[in-house]
Amino acid sequence: MLTQLREIVEKVASAPSLIEALDQLVVSTCQAMKTDCCSVYIADYERRQFTLMATQGLTKPHHQVSLAFDEGLVGLVGRTAEPINVADAHHHPHFKHMPGIGEELFGSFFGTPIIHQRQVLGVLVIQQHQRREFDESEESFLITLAAQLAMVLAHAKAQGMWPDQRNGLHLIGSAASSGVAVANAWWDDNQPRLDHVLPASCLDIEAEQERLSIAIELASNEFRRLRKRFDSELHKETLAIFDLFSHLLNDPMLRKDLFARVARRDMAEWAIRQVVEAYSDRFANMKDDYLKERAQDIRELGQRLLFFLHNSEVHERDWDEPVVLLTRELTAAMLASVPRDKLAAVVAQEGAANSHAAILSRALGIPAIMGVDFVPELVHGRQVIVDGYRGDLLVNPDRHVLTEYRRLMREEDELSARVEQELGKATYTQDQQRVYIHLNAGLSADTSIAVNEGVDGVGLYRTEVPFLLQRSFPSEEEQTAQYRSILSTYREKQVVMRTLDVGGDKPLPYLTIEEDNPFLGWRGIRFTLDHPEIFLIQVRAMLKASIGLDNMDILLPMISGIAELDDSKALIDRAYQEVAKYAQAQGQTLKRPRLGIMIEVPSILYQLPALRGKVDFISVGSNDLTQYLLAVDRNNARVASVYDALHPAVLHALKQIEETAGKMGMPVSVCGELAGDPIGALLLVGMGYRSLSMNTRNVARIKYLLRHISVQDMEQLSQFALQATFGNEVRDKITAFVDAQGLGGFIRAGK
């Protein structure tokens, strides 16, 4: 039976269209199960009905055969999302006779839903003349078949081959850069693919190394050219994205690994693929979203090297009018290939919202959607709408939809202009309560540490990035220089530096860690306490970097108990004494930094009172706290829908933290994604938080939003949220409130 099951799914998946796939399905199922009839009904949510799309055994008339969602046995299967096995269908209370299709010839009925991501896509039915219940093996076969078909049908739906997609194609991806655009789509797939490179050897090692050297030089020149091209449009720290590529190309270890492969007679293409994939995999296996997306940057670098192995220059196309750029993977080079005034939006089949290309899109103000499962032939050359707020791609929309979106675009332009004008203002709510807005920062290549006069400092600086980009532990001097440059950037503002947060989920290239469950393993403070020599070097480097600037705080990650905190403090005190003597010898004074911990492990929620006198502040990492509270990895597509920062348990935990911190008189901030989300920011301020740390792209809008709403209103919203049973209730309530204030443009298109 397993062989038959596999054969059916393979035939269906390889069919050129949905209709042919379903025709193949019903015929093959009848043959495999030796049953008299097999039919498949597809859910049409626009008309709220199940439509008979294919059948073997019934008579399919010229007119459409449909059952409303609340009609017949098919409707019952769809409503309950459960299989139904009936020996005598005609006498079942939900049976509905449909004349003209010959259903009266069949006595038995077994139907099972076809479900993808909790949505019923259709119903698969088998019937026989004989009045009998189908046995367990038959039930099992059909249920298993329906489960495997769900992915096939979901893919077909994404490609626009669905009954309720008559009025144009509606595709959904991940919103990577907000904004709305209307233009014709243009498909570009000229980027070479690493996965298409196959093993190959060379005869002339010297000639192959020369090819590789030339490609590296051409790629370096291109990144310098791209940096110069964007020089007038972007902050210099955003431009440092291109400096990252140049840094990687000049990295001696990367070059050594590439040329070593060629020295073993690998062709340059094959050498690039092997080395780039090895480097990329290290980042891809990390848990931190920001670091995880650096894997794509490494792959982009490899793809440009492949390009320049076969091309000595980039040929630019002339554009007559703005276009929506369609691509398999969006890269910085692609963004630069289209003049800014001709690039309306970008849509990529692969990628995510934290990639450097997405960061660039946001910095340039270009709407972008990632992870859209589209068929290029169905979209290229057609008029499309890109909704970067919702992640929607509408192909061939009707004139009413076009008119509405063009109105929303005008409103959005007006709102953006208004928001940017007020960026430099301090954040006071409508009733004059002060809220401090900080940045989450990582690498200098990230826009999130752009010099921005509109922020009050850096709420989280990830110190692990320099460790991850090297092939050995950076020296104390190297770390000191790195931290000094960051602290100098914000001379008059406070910078919170988190100590090294690596381990099982963020393995260093030069330290192999293998664990069955790295998310609950040797990471964060657990790792550094087991390696006090690494911890001491880093803390000493931080302290040395702060001499004379006096604007640094230290933040400890992954603290799960007081013992870890006490051990960390002992090491920090030791480092402080050593650096204080060093500073004194230099005729300078070392200011003792404030010490804080990340609240991200649920166990520490029950030890918050014990922090009194031990730390100076606390910072809530809402991303990890949500994952650990809900036991869900949000990077796992199978359970991503369970991850919800507005889950009642998360909201109650956040309220408990704020209340306890208030009683202790301890400063508290939130530095996760929730702080930069308009809905989250309103809730957090309503709960009592007065310090939020977020990525740069969110700063202007969050500041503007908070300035136009009173704390009293936000408190009422948070009270509602804390009494709600479902996260969606909270989301809907706050969305309606923001809309009523005329500020709906902060969470959707328009204003």
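I take contact to mean heavy atoms within 4.5 Å.

**Basis.** I am reading a predicted model, in which local features need pLDDT of at least 70, side-chain atom pairs count only at pLDDT 80 or more, and totals for chains, interfaces and linings use all residues. Residues are numbered from 1 along each chain as its sequence is written, and side-chain values use heavy atoms, with hydrogens and water left out.

**Arg131.** I located Arg131 in the loop between strand 6 (119-128) and helix 4 (136-158); helices (H or I, at least four residues) and strands (E, at least two) are DSSP runs, numbered from the N terminus. Beyond its neighbours within four places in sequence, I found Arg131 in contact with Ala87, Asp88, His90, Gly107 and Ser108. I then looked up Asp88, which is 43 residues from Arg131 along the chain, with 5.6 Å between the two C-alpha atoms. The side chains of Arg131 and Asp88 form a polar contact at 3.4 Å; the term denotes a pair of N or O atoms within 3.5 Å, where within protein one must be able to donate a hydrogen and the other to accept it, and residues adjacent in sequence count only if both atoms are side-chain atoms. I noted Arg131 as exposed because its relative accessible area is 51%; buried means under 20%, exposed over 50%, and partly exposed in between (1.4 Å probe, protein chains only).

**Thr480.** I placed Thr480 in helix 16 (residues 476-489). I recorded Thr480 as buried because its relative accessibility is 17%. Setting aside residues up to four places away in sequence, Thr480 touches Ala541, Lys544 and Ala545.

**Whole chain.** I read 26 helices and 22 strands for the protein chain. Of its 751 residues, 57% are buried.
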